[in-house]
Amino acid sequence: MAYFPEVAEKVRYEGPGSKNPLAFKRYDPDKVVGGKTMREHMRFAVAYWHTFKGTGSDPFGTGTADREWEKSSNPMQAARDTMDAAFEFFTKLGVDYWCFHDRDIAPEGADFKESCDNLHAIADYAAQKQQETGVKLLWGTANLFYHPRYQAGAATNPDPDVFAYAAAQVKHAMDATHRLGGLGYTFWGGREGYDTLLNTKMQQEREQFARLLHMAVDYAKQIGFKGQFYIEPKPKEPTKHQYDSDTAACLNFLREFGLMDHLKLNLETNHATLAGHSMLHEMQAARAAGALGSVDANTGDELLGWDTDQFPTNIYLTTEIMLEILRMGGFTTGGLNFDAKVRRQSHTTEDLFYAHIGGMDAFARGLEIAHAIIEDGRLEAAVEERYAGWKGHFGEKVLSGVKSFADCEDHVLRHGEPKRHSGRQEMLENLINEFI
């Protein structure tokens, strides 16, 4: 059956003048920008958990979405129906990738073995759908936060039996990801933190988390998985504090436990907001460390204090994201995954298309603007001019480590009070507006 009859064949590019809500206005997949097509630049992926398993529920109300693919009373048949719906949506939307949690695509069974059997049966089914459509898996992951067993975390749980369960679940999620040719695997520590320090051994829990990641690295070598590992920063929700709280915390964690060579970061705008940062801040910090790997493309409501996972439509945001992606030379491992959900009142299947089309158009426009800004060169030139002194003789000597406090004092005595220079913030903000 057709789960999305509102789109007969495929969403088409109709240009900025189109009034068709089921057409792209900016995203032309084959348009070349800076030597690559838009499709290659963005590597769009659909998040299985929100788009096909989201119901519109929130802490104050039950779900509002009534999905045909979940009508079967047989959980495994419902899982196959959902997979059919997913690949129909992927192909009609025209994306090349998808992402999943293990428990999104297959139901939990009566015991661990049955859960694993369910996962691998559905992974086999997904492999058939990938072969039929050409859609590829961007990354997989394990849901280590939903079940009551993970009430106190998974890798960071005070009970080693729970740690073992989590590690075994990751093993099978990696197997499924490898079976599907996944380009990566993500660790999102949904409950890897604490509610109170009164009952917590913080350093031991961080060591436990690192131990699970090292196990994953070792297992990847055993099975020949060549995909990129990611860790995804998030500061809070559901715990008071999570150990992977932001880019800086994740980088420190990876360095401390000898994991920098094995993991990059999968960054999310809404998580940056919750951490009190901008997405541009998080991306620059990751890029500077050579650790920017993939992006969860969403946004949050800054008036709300939780992870609202809204679709991104702000052109300033998408421009900033694409500037950083272009500055790092483009994606080599990850892509733009729409870890976003339609609003509670947007409960029809058409709304799923409207949301993704809007996000894809916003990123396409952001790409064009970011490329134009880089080609123009004035923004980069202004930054280089601001730091020009560090390319002089004294500045270079300081950075190379050959100058001392005494040398700095001598410099001040010879040159006197430093001249102040304008940061030109307003001018640069105006410059960005020229392009937007």
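How much space lies in the second largest pocket? The second largest pocket holds about 960 Å³. A pocket here is an open set of points on a 1 Å grid over the protein atoms alone, where a 1.4 Å probe fits, with protein on both sides within 12 Å along at least five of seven lines; lining residues have an atom within 4 Å of a point. The volume is the space filled by probe spheres set on the points. Among the 26 lining residues, the closest to the centre are Glu385, Arg386, Tyr387, Gly389 and His421. Helix 13 (378-386), helix 14 (393-400), helix 15 (405-415) and helix 16 (425-435) each give two or more residues to this lining; helices are DSSP runs of H or I with at least four residues, and strands are runs of E with at least two.

This is a predicted model, in which local features need pLDDT of at least 70, side-chain atom pairs count only at pLDDT 80 or more, and totals for chains, interfaces and linings use all residues. Residues are numbered from 1 along each chain, and side-chain values use heavy atoms, without hydrogens and water.

Strand 12 (residues 263-268) is largely enclosed by the rest of the structure, because 5 of its 6 residues are buried (under 20% relative accessible area, with a 1.4 Å probe and protein chains only). Strand 12 runs parallel to strand 10 (residues 228-231), joined by 3 bridges, and strands pair if DSSP finds at least two. Parallel strand 13 (residues 292-296) is joined to strand 12 by 4 bridges, and its serine 294 stands opposite asparagine 266.

Threonine 247 is found in helix 8 (residues 247-256). Threonine 247 counts as buried, at 0% relative accessibility.

Note on methods
Buried means under 20% relative accessible area, exposed over 50%, partly exposed in between (1.4 Å probe, protein chains only).
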